[in-house]
Structure formats: structure tokens, C-alpha cells
Amino acid sequence: MFDFVHRKKTIVQIILLIAVLPFMFWGVQSYRTEGQASYVAVVEGEEIQRREFEQALRNQHENMRTMLGENFDSAMFDNPEMRLAVLENLIQRKLLLREAVNVGLTVLDSQLAREIQSISAFQDDQQFSYQRYEELLRRQEMTPAMFESRVSAEIMQQQLLEAIAKSAVVSEKVAKNVAYLSEVKREINQVKIEPEQFISQVTPDEASIQSYYDNHQSEFLLPERVRIEYLVLSLDELAQQEDVTTDEIQNYYETHQSEFGQEEERQASHILIAVSETASDEEKAEARAKAEELLSQLEDEPEKFAVLASEYSEDPGSAKLGGDLGFLRRGILVKEFEDTLFEMAPDEIRGPIQTAFGFHIIKLAAIKPSDVIPLEEVSADIERELKRQKAASRFGEIAEDFSNTVYEQSDTLQLAAEQFGLSIKRSEWVDKNTKEPAVIANRNLLQAVFSDDAIIDKRNTEAIEVMPDTFVSARVLEHKPSAIQSLDVVRDQVVARVKQQLATEMAEKEGKEKLAMLQAGEEVALDWGEAKEVSYMQSQGMDVDALRAIFRAEVDKLPAYTGVAGSDGSFNLIRINRTTEPDLSDQARYQAFSGQLKQMLVQEEITSYQTGLRQRYDVKIREESY
């Protein structure tokens with residue numbers, strides 16, 4: 001039942017990757033208001049916590065950074081559509097797991113253990129190392145139970161999707177027909193008859209202008225608009241009011257060296273005499289004695305460290321390298337090992353050092369000094385970060401007071417402006433689709449601004465979080481309902497559109513006339529341009545309608561002619577010179593194509609299945625939270 005997992009070991013690798021991704025993109029300290037709900041969505045009664053959503057954002061952030069490299073722009077994560085896509089992915093995972101449980105899928109402990117043991121990250125010399133497993137999870141503040149639960153959930157979801165995938169069947173006839181259509185090629189020439197050729201010949205009469213205006217009045221509708229005044233309460237602005245001392249800057253610099261360059265690294269080698277923490281005193285004494293004996297040999301012949309490590313060390317990963325662990329920095333090793341290593345001088349050998357893994361003899365081979373940016377170059381950045389941290393510590397309380405004030409004094413923003421030291425800003429005319437400025441363009445704020453409460457009752461809107469750590473309250477100064485602009489106002493627009501419409505009709509008419517002549521065998525003087533070979537897989541810039549016309553055309557007699565109106569108003573005349581039939585006798589190539597076709601069908605089936613799940617289960621998204 002679980003054979004597919006052996007073919008998809010990347011499942012658990014991905015989970016591990018998600019678990020260890022750094023939290024470096026959202027600053028040192030994140031703020032959440034006390035009154036803000038801790039969840040962003042509810043799936044059939046199960047909440048998706050904000051911290052889970054933010055972790056998913058960080059994961060996607062890092063994945064996109066890796067994928068796009070220099071083209072990566074972190075601003076894309078300010079886009080509500082991107083954030084919603086990440087949330088929808090979390091929702092789908094929850095739905096799949098719930099459905100897997102409901103249909104009775106399970107993962108046996110023995111099978112789960114086999115899968116975890118096969119993960120290369122937990123192996124030494126291609127053998128599972130429980131010590132490595134435990135240590136890696138411990139560094140990420142995860143317990144084995146937490147990790148195993150994640151792996152088990154992922155396997156169950158994949159089991160469910162695997163069952164759907166196996167239900168997708170592509171018949172041989174369908175596969176061959178699609179393969180043929182995908183690979184058959186036709187050599188063509190084309191001529192485009194553009195509407196612009198006829199614009200100068202068109203003079204719309206008054207009746208045409210009036211008719212177009214009457215039938216397209218919605219195109220000339222001025223949307224409902226308002227002018228507003230508003231207050232912006234942001235963490236960044238409050239941070240500017242905070243005071244930071246030079247001592248605080250110095251202390252931050254000293255305790256966050258890794259943020260300002262390369263930390264000191266030390267090249268270490270070790271010999272491990274392994275013994276479990278739960279071993280008896282006799283076993284531990286025996287291991288210590290063995291380590292001390294090796295240390296005694298090394299005191300007389302330190303140059304034999306690599307030889308003795310290869311022969312006696314019970315750390316298989318480093319033993320084959322003469323005990324070499326490479327360059328290490330603080331925070332990677334267990335405390336006892338690390339404390340000793342960073343006290344040593346180059347070429348010094350110490351031991352036995354007891355850790356949870358046993359007794360170590362350590363040799364320091366080299367030191368790579370730290371290369372840290374001087375304090376004076378980063379002082380301003382540290383000051384900004386400390387100010388932000390200080391402001392964040394009380395921003396929740398301030399935001400709540402701000403929210404209460406604009407609600408209780410709902411007929412003015414002046415009191416809130418004075419209380420919080422803010423300036424009242426005023427906008428130009430804005431509508432429900434306004435994109436700028438970003439602080440106003442938030443959909444929740446616009447919804448509040450265009451509500452009856454704001455327009456009719458003249459109340460302040462509630463304090464709305466329009467972006468992380470930024471709250472806005474607004475009130476309407478002036479309102480204009482939607483209205484159709486008169487023909488006199490939009491006459492130039494209407495005339496231009498009528499001329500384009502008539503020119504398009506003339507281009508299509510001329511194109512069809514010339515096509516009929518060509519198909520009748522008459523000579524037509526046309527500049528056909530260069531020939532090119534096209535197929536559904538290699539369109540050479542042809543749109544879908546043109547490709548369909550090309551491959552639907554009868555080609556018993558060549559050259560053959562066809563034509564199609566383009567979406568840009570042009571008419572595309574096409575001459576077909578020859579057809580290149582595909583070779584479907586290559587069985588390996590055909591099988592590969594059939595496999596690709598099945599993968600596409602599987603994806604469609606899975607997408608449809610997930611859409612069905614979304615409709616069957618109760619899912620609620622807190623739109624203001626993501």
C-alpha cells in the first residue's frame with residue numbers, strides 16, 4: 001500500500017526543508033496586536049493559525065528567491081493575490097488530510113520508520129543515525145513526534161492523490177490522435193490586413209455615433225467616487241519617536257554578530273568513542289578509558305590523529321576523513337564540544353570530552369577569523385531596528401487605543417490626530433478600484449469608505465489594518481454617485497471607437513473577399529512574406545484561432561488557403577504550402593508522449609478533486625487577516 005513512497009522520498013525531504021527554513025526575512029521581532037485573532041482561516045472547524053500561515057509565506061518566499069535568483073522581488077509578497085494563493089495551498093493540504101482520514105487511510109509505525117530512516121539528511125555513510133536525527137530536530141526545536149506527525153500526514157495526503165492519479169486513463173486511440181495533432185506541421189505564409197489601413201477612409205455619421213453611445217453607455221460610466229480624509233497609524237512612524245542609546249546599539253552589535261558578516265569558524269577533527277547516555281557506569285568507564293588511551297598515544301605522536309581517527313572513531317561520517325569535521329561556527333555543535341573547541345589553540349588536542357554521543361578527542365586544525373562589518377557602518381541600521389522593536393512592544397496597546405478613539409469620536413478624526421500625534425491627510429477623488437496610494441487602496445478600507453455608515457451617516461471608518469503594522473481610519477468629505485457622462489463630453493472617444501469598429505469591418509470584409517478569390521483559384525497580388533513551419537506545439541507566434549484554422553483547412557490540393565479574424569481587429573490571410581506528417585512509429589517516443597498526456601490528465605483530475613473538496617467542506621477565510 002505504501003510502495004509509492006519509496007518512489008517519492010522527496011516528500012519527507014520537503015517537509016524537513018520546510019521545518020528548517022530560516023526566519024530571516026521578517027526581522028528580529030514580529031508584532032501582532034493583542035486584539036487580533038490568531039487564525040486566518042477555519043477548515044471544517046480546524047483553525048489555520050497565523051503563525052502557520054506566516055511560516056508558509058516564509059517558505060514560499062525562500063523558494064521563490066531560490067528559483068528566481070537575481071530576478072526575485074520580495075515586493076510580490078505584498079500582493080494580496082500571492083498571499084491568498086499561499087493560504088489556499090494550506091487550506092488544500094488541510095482538506096486532503098481530513099479526507100484521507102475520513103476514507104480510512106493510515107500509516108503504520110514500521111512503514112513510517114522505514115521512510116524516515118531512508119532520508120539522507122539523517123544518515124552517516126548511508127546508514128540511519130538516530131543521533132543525527134535527534135540532533136537535527138533538536139536544533140529546529142522539533143521533537144521526533146512532531147516531525148513524524150508531519151511525515152505521516154504528508155504520506156496520507158500522497159496516498160489519496162495517488163489513488164486519484166491511478167484512476168486517470170488515456171486510451172491508445174486518444175493518445176495517438178493527440179500525438180498526431182501535436183506533432184503534425186504545416187508550412188505557411190501569411191498576410192495581415194490591418195484596420196489601420198482603412199481608418200482614413202472612415203467618416204462616421206451622426207446616427208452611427210449616437211447609436212454607439214446609446215448601446216455602450218456602460219463604457220462611459222463615471223464610477224461612484226469619494227474624497228476622504230484619513231489618519232495613518234504605523235509602527236514605522238511611531239518607531240521614529242523612540243530613543244535609543246549608544247550602549248544599546250553596542251550591545252545589539254555584540255550579541256548579533258552573525259547579522260553583520262562572517263562569524264569565526266574553526267576547523268575541527270575528532271575521534272568519537274560512542275556510548276549512550278543511558279549506558280551503565282561500567283560501559284561509560286570503559287569508553288572513557290579507551291578514549292584516554294588514545295589521547296595518551298596522541299600526546300606522544302600527535303601526527304597520527306588522522307590514522308587513529310580512521311581506525312578507532314565510531315563516527316562513520318568523519319572517520320573515513322581522518323576525523324575531519326570541516327570548518328564549524330558556534331551554534332552547530334553540542335554545547336560541551338563547542339565550548340571546548342572555541343577555547344583551544346591551533347594544533348591543540350584535548351579530551352576526553354563527554355557529550356550525549358559519547359567521549360570525544362578533539363583537535364583544532366585552523367581558525368578562520370570573523371569578518372564583521374565595523375559598528376560605525378551599521379550603527380544607523382541597528383538604531384532603526386531597536387527603535388522598531390521598542391515601538392512594537394507597545395504598538396498593540398496603541399493600536400487598540402487608536403481603534404477605540406476613532407470609534408467613540410466617530411464624527412471627527414481631529415481628536416485622534418491630536419492624541420496620537422498624527423497629521424490628517426486628504427485624498428483626491430477615489431473610486432472602489434483605486435490603486436494608489438497603497439495605504440488607501442486596501443479593499444477592506446475602500447469597502448468601509450463606500451458603506452452607508454461612512455457616506456450617509458458621516459461616521460469614521462473603523463481602524464483597518466491596510467498592511468502589516470499599519471492602521472487607517474477615514475471619513476468621507478464629499479461623495480459623488482456613479483453617473484453616465486454625456487455624449488458631448490465623450491464625443492471624441494465615441495468617434496474614435498466607431499471609426500475603429502468600421503475600419504475593422506472593412507478589414508474583415510476585404511480579407512474574406514480576397515480569401516474567396518484565392519480559394520477559387522484566382523490570382524491575387526499579395527506580399528506573403530517569409531514562410532514558416534507551425535504546429536500546435538510550435539506556434540511561431542500564431543494565436544489559437546489561427547492555428548485551428550490552419551489545421552482544419554483541407555489540404556488535398558496545395559497551396560491551400562484559409563483566413564481568420566484576429567482579436568486585434570485584423571484579418572489574417574494564410575497560405576498553406578505543405579504538410580509534414582509526424583512519425584508515430586517510434587514506440588519509445590510515443591510512450592513518452594502518452595505518459596506526458598496522462599500526467600496532464602492526472603493534474604486535471606486532481607484539480608477537479610480538490611475543487612470538489614473545497615465545495616464539500618466548510619471553509620471560512622478571515623479576509624482581513626491575510
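Aspartate 469 sits in the loop that runs between strand E15 (464-467) and strand E16 (470-480); helices (H or I, at least four residues) and strands (E, at least two) are DSSP runs numbered from the N terminus. The model is predicted, and local features need pLDDT of at least 70, side-chain atom pairs count only at pLDDT 80 or more, and totals for chains, interfaces and linings use all residues. Residues are numbered from 1 along each chain as its sequence is written, and side-chain values use heavy atoms, with hydrogens and water left out.

Although aspartate 469 is not a glycine, its phi is positive, about 65°. Aspartate 469 has a relative accessible area of 8% and is buried (buried is under 20% relative accessible area, exposed over 50%, partly exposed in between, with a 1.4 Å probe and protein chains only). Glutamine 540, also not a glycine, has a positive phi of about 55°. Glutamine 540 belongs to the loop between strand E18 (532-534) and H21, and is partly exposed at 44% relative accessible area.

## Cis peptide bonds

Glycine 351 and proline 352 are joined by a cis peptide bond with omega of about -15°; proline 352 is placed in strand E11 (residues 349-355). A cis peptide bond with omega of about 0° links leucine 558 to proline 559. Proline 559 occurs in the loop between helix H21 (544-552) and strand E19 (560-565).

Helix H4 (residues 80-102) contains 23 residues and spans 32 Å from its first C-alpha to its last, close to the expected 33 Å, where the expectation is 1.5 Å times one less than the number of residues. Buried residues of H4 include Val86, Leu87, Leu90 and Ile91, along with Arg83, Lys94 and Glu99. After H4 comes glycine 104, with a positive phi near 90°.

Methionine 517 is located in helix H20 (residues 487-519) and is partly exposed at 31% relative accessibility. Beyond its neighbours within four places in sequence, methionine 517 contacts Glu522, Glu523 and Val524, contact being heavy atoms within 4.5 Å.

## Overall architecture

The chain comprises 22 helices and 21 strands. Its radius of gyration is 35 Å, well over the 25 Å that the globule rule gives for 626 residues, so the chain is more spread out than a compact globule; the radius is taken over C-alpha atoms, and the rule is 2.2 Å times the number of residues to the power 0.38. Along the principal axes, the C-alpha atoms fill a box of roughly 105 × 80 × 55 Å.

Of the 626 residues, 40% are buried. Among contacts between residues at least 6 apart in sequence, 73% join residues at least 24 apart.
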